[in-house]
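Student: I'd like a close look at one part of this protein. Could you pick a spot and walk me through what surrounds it?

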Amino acid sequence: MSAPSDIIRHHRNGSAAIIEIDRPPVNAINHDIRAGLIAALAAIAGDDGVDRIILAGADDIFAAGADAGEFGLPMVEPDLPTVVTALETAPVPVIAAIRGACLGGGLELALACRWRIAAPTAQLGLPEVILGVVPGSGGTQRLPRLVGMKAALSLIPEAHSVRAGAALKIGLVDQQDDDPVAAALALPLASFEKRPPLSQLPAPAADPEAAAAALARARRRMPRQRAPEEAVRLIGLAASDDFGDALAAERATFLTLRDSDECRALRHVFFAERGARAPARLKPVVPASLDDIVVIGGGTMGAGIAHALARSGSAVTLIERDDDALQAGRKRMSGLYDAAVRRGMMDETAARAEQDAIRFQADYDGIEGAGLVIEAVFEDMKVKRDVLTMLDSAAPEAVLASNTSYLDIDAMAGCLADPSRLVGLHFFSPAHIMKLLEIVNGARTADHALATGYALARRLRKIPVKVGVCDGFVGNRMLQRVREAAELLLLDGAEIMQIDRVMRGFGYAMGLYETQDMSGLDIAWANRRRQQATRDPRRRYSKVQDHVCEAGWLGRKAGRGWYMYEDGRATGPNPDVVPLINTEAARHGITRRELPDDAVMRTLLLALINEAADILEEGIASSALDVDLVLVHGYGFPRFRGGPLCHADSMGIGMIRDRLAALQETDPVIWKLSQLIGRLADAGQRFLD
Ligand code: NAI
């Protein structure tokens, strides 16, 4: 680690003292930066010839925020408010010269300056709520004084940031210049010398309407989270309270939130995302070229994958089984391009050109130069093996990838002359939008193929998580387990709407049954039929879901699933499901009884957590972070709960062990306490330790 003096440098340039922050990669503000700034200001204060101080970041970043790594640790003085005050009360005015990210604590430093000059690359905002906190060093008070209530309320509670141009328009910066330091040097003293610091500006006028709208937006976008609501409240104080009192309220709120489960969980996901990349072992491995990629199957997934690949600049060939299917695939892709144009992501000419460049064909001709081939054909081992057998000779050099949801990659690889070429690349639907990519490491998958998976994730800006081979890998295996738990809860007496309601109450955007209706019940049904032959006959199995499918109630697309639909909108629960549940409960000898909401949610969580622990124990996932990433990014587990294992830690491992042990007594086949949980509880440890 560099010494503070290397991180904060200062030098004279004419009558200006220039202070530079240099802590790569993003100048995250830690103790060294804070102490260094105080020391630099003290050193400059003794220099009579200085008429201005220019605060800048070395290279192309001002400061991307406080170092979240320090959040879990005791605060070491000086804190950021002290630095902000020192900048605001420096003997000569300070000018912020801003390039690149100027976010969170970085913007709070800039708001302590008398004048702000931004390069076109600058990005400014106070996105603290993303990490479950509010600005803690005056941001909620200085920003509304500078840009007004409305703008502050649209920026802070929803973590929006603005580019230099927009910042200039709302008055967040005073000037835009390609070279902000040179501009600060050239600035006539008279233009900023007499300016009062922002803390001394008159309070902004209250805007209850804008505050109510901001609160409603925050509740919609980040439901059940405290930080966005607190941000709205604190911004309101800028109008009603004395600056010093409001500042103290802001700091107290920041410190409370910093120690909350919400902040801990959001930090956990943030760091897990940042750590999701190829392991060091793969660094020297050269991946296959991604310039020319073939996708086999132009259905829901194939079309989405091909679209994402073309958008990222790869030359794409889409292969279907016959001309009719090819036509359908082409239509699906043009639908995706139409949507991209509608959303303003590209113009029509570019969309047309990109589509025209995609090769559509119903044979395997001319693909021998491809670096990567991704199959997304039917979820059927025979179909997949037939395709791979064709590829064995048609694309002899390529890395081959399967997008299978559940099937055994190793069994697929068996039909290749070189099985090490095959890797699983499990995309999520819609493939061009969802951020998660499970990279399935088969028993014989070569490092070259794995590295190609990571390189693809990088190119598509997806979050890669390496997983091992098992039925459903990490995500779908856990989903199956939670579905099973939900089905049995229905037999015990829970209601479909109750399960969905408690999941939404926990923070999911949709409940389990609403989600099933939305994506269609048929894929999971086919999967259950596939598993029938190997299912443990002692394992309790509810046939309700199968009866629902047999009746043709396949979800929203069929107008009926667990719920009823009219014009695509749910009108209420499907009344014919309840008799199915009652009959099935009777067949199991169960007398249904009312279950409390908290017991329902806890059972679903226990199922998830126990399965996750087994997944870790078996080495299917490499870390608790990986499991949490999969559930947060692929299955809607609320981000502010951090994922099932982060949440398990806050529930308490001892309590989880005891509850699972009690469930095991009632049904030792379904509820088999994971050994890992037993060991952690005995040792007083947690998943994230
Ligand atoms: P789909 O039924 O929409 O599309 C499959 C496509 O493959 C069809 O267009 C079909 O004509 C084509 N196809 C079938 N046999 C072929 C062959 N021999 N050669 C060329 N094309 C052939 O299915 P979907 O949903 O796109 O799933 C594809 C794969 O992706 C499956 O393995 C599925 O498990 C997996 N998956 C599906 C997800 C989903 O949410 N739908 C999510 C993640 C993975």
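Tutor: Let's start with E484, which sits in helix α20, residues 475–492. Keep in mind that this is a predicted model. Is E484 buried or exposed? Its relative accessibility is 17%, and the cut-off for buried is under 20%, so E484 counts as buried. Setting aside neighbours within four places in sequence, E484 is in contact with R539, R540 and I670.

Now let's step back to the whole chain. The protein is divided into domain 1 (4–259), domain 2 (280–467) and domain 3 (475–620 + 652–683). The centres of domain 1 and domain 2, taken over C-alpha atoms, are 44 Å apart.

In soluble globular proteins, nonpolar side chains tend to be buried together. Here the largest nonpolar core has 101 residues, and I499 and F687 are the ones that touch the most other members. Helix α26 (residues 597–617) gives the most to this core, namely 12 residues. Where does this core lie? Both domain 2 (280–467) and domain 3 (475–620 + 652–683) give residues to it, so the core lies between them. Zooming in on I499, and not counting residues up to four places away in sequence, you'll find that it touches A486, L489, L490, A494, Y513, V600 and L604. There is also a second, separate core of 69 residues, which includes V92, L172, A231 and C263.

Helices are worth a look too, so try helix α19 (residues 447–459). Just after α19 comes R461, with a positive phi of about 55°.

Finally, compare your picture with helix α12 (residues 243–258). Its 16 residues should span 22 Å at 1.5 Å a residue, which agrees with the 22 Å between its end C-alpha atoms. Which residues of α12 are buried? They are F243, A246, E250, R251, T253, F254, L257 and R258. These cover an arc of only 165° around the axis, which puts them on the same side of α12. What covers them includes α3 (80–88), α4 (105–111), α5 (139–147), α11 (226–240) and α13 (261–275). At the N-terminal end, D242 caps α12, with a side-chain oxygen 3.1 Å from the backbone nitrogen of G244.

Key: Residues are numbered from 1 along each chain as its sequence is written. This is a predicted model: local features need pLDDT of at least 70, side-chain atom pairs count only at pLDDT 80 or more; totals for chains, interfaces and linings use all residues. Side-chain values use heavy atoms; hydrogens and water are left out. Helices (H or I, at least four residues) and strands (E, at least two) are DSSP runs, numbered from the N terminus. The expected span of a helix is 1.5 Å times one less than its number of residues. Buried means under 20% relative accessible area, exposed over 50%, partly exposed in between (1.4 Å probe, protein chains only). The arc is that of the directions from the helix axis to the C-beta atoms. Contact means heavy atoms within 4.5 Å. A polar contact is a pair of N or O atoms within 3.5 Å; within protein, one must be able to donate a hydrogen and the other to accept it, and residues adjacent in sequence count only if both atoms are side-chain atoms. Domain bounds come from an automatic or database domain assignment. A nonpolar core is a set of buried Ala, Val, Leu, Ile, Met, Phe, Trp, Tyr and Cys residues joined through side-chain atoms within 4.5 Å.
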